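Please have the sequence and the structure open as I speak.

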Amino acid sequence: MLNIKVTKNPNPKPKPTDESKLGFGEIFTDHMFVMTYTEGQGWHDPEILPYGPLDLDPAAMVLHYGQEVFEGMKAYHTADGRILLFRPDENYKRMQRSCHRLCMPPVEVEDGVQATMELLKVDSDWMPTAPGTSMYIRPFMIATDPKLGVRASYEYKFVIIMSPSGAYYKTGLDPVNIYVETKYVRAVKGGTGEAKTAGNYAASLIGQVEAKKDGYSQVLWLDGIERKYVEEIGTSNAFFVIDNEIVTPDLSQGTTLPGITRKSVIELARSWGMKVTERRVTIDEVFEAYKAGKLQEAFASGTAAVVSPIGHLKWGEHDMDIAKGQIGTITKRLYDELTDIQYGRRPGPEGWSVEVR
Ligand SMILES: *Cc1c(COP(=O)(O)O)cnc(C)c1O
């Protein structure tokens, strides 16, 4: 249990008045959580304080060598006025694994969940309530030691900020256009692909920028060695429905981010009796299935969009139009059931919903 000191913001900001205009990650609540790590002392001084700039030395190691990890999760307002988190323990477990890869000190899972819940309570009047809106929560950790020698930092800050966010889909689930990236790669075996760490995203921007220029909304990443195996779609996990079987890249290579939505999709679809297989999937196989008329659906999964149907895949010379540009029935059912659980309209499996209040 953390003993969190709370300092209320004396100058609260005006709240957004029109929730239909909320974007993603653009405005922030009145408070943030901050905790400090010092070598030899461990984590100390957990506090909730007014949202504002961090006091950071220009030599802080995160600014030079990128020692950072982050998480992303949401809190949902239910019709009867409760606030629910979706599997927050999974986020903090993943953060521990990311910390391990980046030589950073882990925060206890229970402490992370507790800090998140207390911050949500302090800023509960910022919780958006319109359909499809949510509170996006961004826990992150940075190396703050003011030293330029390359080594693991001795000092860190663990911070949580929150952003009321709008409905991802304004007009129903829109299928997206995806470009299969064959020039750049996101991760290689032995690298940091399975960690949620800043550098992965910095390195992936160029692919996204170039794909956007050509009218695609995201890239599908292939493996870093053979440019053959499907890994991820943008910053979400990839799924294909081939011949009534759900297929998704497995995590054995350490190059794919272990999404919590991914895990939930797999568990939910299996609970319906569907066959779900985690294995290596080649882009050739996807194209062959498409040509044979067996590629029924493709979608991406992640906290932001839950599931995002793929209407079109461009791989070199090949164009694949999937599910006639419509939302596949499995994609739609996954979206409906997952959002029902998240917004408390339907009970989920044990432990999926954690009540904040
Ligand atoms: C966060 C993330 C995902 C999705 O994870 P969720 O826990 O489902 O939100 C997938 N891929 C990448 C690269 C990510 O950063």
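Predicted model: local features only at pLDDT ≥ 70, side-chain atom pairs only at ≥ 80, totals over all residues.

**Around D250**

The side chain of D250 makes a polar contact, at 2.9 Å, with the side chain of S252, a polar contact being a pair of N or O atoms within 3.5 Å, where within protein one must be able to donate a hydrogen and the other to accept it, and where residues adjacent in sequence count only if both atoms are side-chain atoms. Residues are numbered from 1 along each chain as its sequence is written, and side-chain values use heavy atoms, with hydrogens and water left out.

D250 is found in the loop between strand 13 (245-248) and helix 5 (260-271); helices (H or I, at least four residues) and strands (E, at least two) are DSSP runs, numbered from the N terminus. Leaving aside neighbours within four places in sequence, D250 is in contact, meaning heavy atoms within 4.5 Å, with T256, R262, E278, R279 and R280.

**Salt bridges**

The structure holds 24 salt bridges. In one of them, two contacts of D250, namely R262 and E278, meet through their side chains at 2.8 Å, N to O. This pair links distant parts of the chain, with R262 in helix 5 and E278 in strand 14, 16 residues apart. R262 counts as buried at 3% relative accessibility, whereas E278, at 34%, counts as partly exposed.

E245 forms a salt bridge with K275, with the closest N and O atoms 3.9 Å apart, and that pair also links distant parts, from strand 13 to strand 14 (residues 275-278), 30 residues apart. E245 counts as buried at 18% relative accessibility, and K275 as exposed at 53%.

**Rings**

R280 brings us to the aromatic residues: its charged end sits over the ring of Y229, 3.6 Å from the centre, where a charge sits over a ring if NZ of Lys or CZ of Arg is within 6 Å of the ring centre and within 35 degrees of the ring normal.

The structure holds 16 aromatic pairs, counted when rings of Phe, Tyr and Trp (its six-membered ring) have centres within 6.5 Å, with planes under 30 degrees apart stacked, over 60 edge-to-face and the rest tilted. The rings of Y168 and Y169 have centres 5.0 Å apart and planes at 75°, so this pair is edge-to-face. The rings of F239 and F299, by contrast, have centres 4.9 Å apart and planes at 5°, so they are stacked. Because F239 lies in strand 12 (residues 236-242) and F299 in strand 15 (residues 295-302), the pair ties together parts 60 residues apart in sequence. Both F239 and F299 are buried.

Key: Buried < 20%, exposed > 50% of the residue type's maximum accessible area, 1.4 Å probe, protein only. Salt bridge = Lys/Arg side-chain N within 4 Å of Asp/Glu carboxyl O.
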